[in-house]
Amino acid sequence: MSGGSQHWIARAGQPLRGSIRVPGDKSVSHRAVMLGALAEGTTHVRGFLEGEDTRATARVFEQLGVRIETPSASERIVHGVGLHGLRASSAPLDCGNAGTGMRLLAGVLAGQAFDSTLIGDASLSKRPMRRVIEPLSLMGARIDSEEGGLPPLRIHGAQSLTGIDYTLPVASAQVKSALLLAGLYASGDTVVHEPHPTRDYTERMLAAFGWPIEFSPGYAKLSGGGRLRATDVNVPADFSSAAFFLVAASIVPGSELRLEAVGVNPRRTGLLTALRRMGADIREENATQQGGEPVADLVVRHAPLHGIEVDGELAPDMIDEFPALFVAAACAEGVTTVRDAAELRVKESDRIATMAQGLRGLGIEVDEHPDGATIVPGALQAGRVDSHGDHRIAMSFAVAAQRASGDVRIDDVANVATSFPGFDSLARDSGIWLAAGA
Ligand code: S3P
């Protein structure tokens, strides 16, 4: 687990220039290891995110008896054991900071013949798991949690699972994926309906691993009793990591930055839509497909932004990008209002509260709502902000500092390594002024 003592000092640097490639997609990397482990044969993963979250998932599968080689950084060779080849671990399985790891693993482990315990760090231990426990229990799983549906999760093996037809109360790719993964082990059909379509990587990857699955936006259906066949996975660069640079280059005059080969699955690019509505100048070039996923270079130039309203129509497609959007909003002309985004309160931190607190500390007026906020732009001042150990909050304030009148100290930044190892050096290479301290 990362300590909370590291901090950054960030201040206005140079215009962002050049061409950079951000690390591999976190969601795809988690799933590539999971499906590779459950497949028959050897899966070669290229572009794997060397983040703490995804490495924790790989370690969990090693504990469950899967051999995983690391021939070079960002590469994994997963020697699949087949759907029924995992072995019990006597030690708890540590998902670190990763909600995706824990929720998807709950689905996989519910279908095993043995018991398991899933644990996480302090932040993950406060995140709601009832959203997976309840539907998995409807399928026949037995999962014990702490009071209030919190981790650790004790998952009892040797339960026979039956498919269900389930409508998610809240749009969540993690919950959908947990049910589909449990559905691999269930008798009959598992059908998931979503109130708003979410990222469909589990569905696409199951199909790539040869599992028959029907899916369309907001809907997925599969039946149990098949087998997964190993296949190679090329992980695109993570749009959520590119997001910080899209905002930074948009708000710093004189910037023109190319982000290479970014995954632009429409279920992930809500921030592109939002920034363009705000007046951002972002072009997509060299559009291509990589392993069935749309990928493009994103070329972003500074442009004056204006405030907008973001509601439930766009929220799920940019669920991880609100911290970055709040920064763009603080630098825009006119008010920005975010609504229908209550899910932000149960991410790695309460992202509505942490962003509001941090921006206020830099002189920006933010009015919090239960499901969003109203951001009144203004001149960003020097100050000190607490990321509350949330990687995306820390990186967002490094971006905000590029428009501040003095130094911004950002506390508790070690968790940036969960999703974006090397952010600080890539940021510096592109023109951002950032120094690390212990
Ligand atoms: C993810 C789904 C989203 C997202 C998270 C990754 C995934 O979570 O916030 O970073 O890989 O399925 P929810 O399913 O809770 O919305």
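Me: What's the bridge partner of Gln289 over in E17?
Reply: Pro294. Strands here are DSSP E runs of at least two residues, numbered from the N terminus. Residue numbers start at 1 along each chain as its sequence is written. Bear in mind it's a predicted model, with local features needing pLDDT of at least 70, side-chain atom pairs 80 or more, and totals for chains, interfaces and linings using all residues, while side-chain values use heavy atoms, with no hydrogens or water.

Me: And how many bridges do E16 and E17 share, in which sense?
Reply: Eight, antiparallel. Two strands count as paired if DSSP finds at least two bridges between them.

Me: What order does the whole sheet run in?
Reply: E2-E15-E17-E16, four strands in an open sheet with mixed pairing. E2 (17-20) and E16 (281-290) each have a single partner strand, so one side of each lacks a neighbour in the sheet. On average, neighbouring strands are turned by 15 degrees against each other, ignoring direction (axes are lines fitted to C-alpha atoms).

Me: Switching to the ligand: which residues surround it?
Reply: Among them are Lys26, Ser27, Thr100, Arg103, Gln174, Arg199 and Asp320, each with a heavy atom within 4 Å.

Me: How far is the polar side-chain atom of Arg31 from a ligand oxygen?
Reply: 2.7 Å. For Ser172 a polar side-chain atom sits 2.6 Å from a ligand oxygen, and a side-chain N or O atom of Lys347 is 2.7 Å from one.

Me: How much of the ligand does the protein bury?
Reply: 95% of the 390 Å² that the ligand exposes when taken alone (Shrake-Rupley, 1.4 Å probe).

Definitions and conventions: Axes fitted to C-alpha atoms, helices over the stretch in contact; angles between N-to-C directions. Polar contact = N/O pair within 3.5 Å; in protein donor to acceptor, adjacent residues only side chain to side chain.
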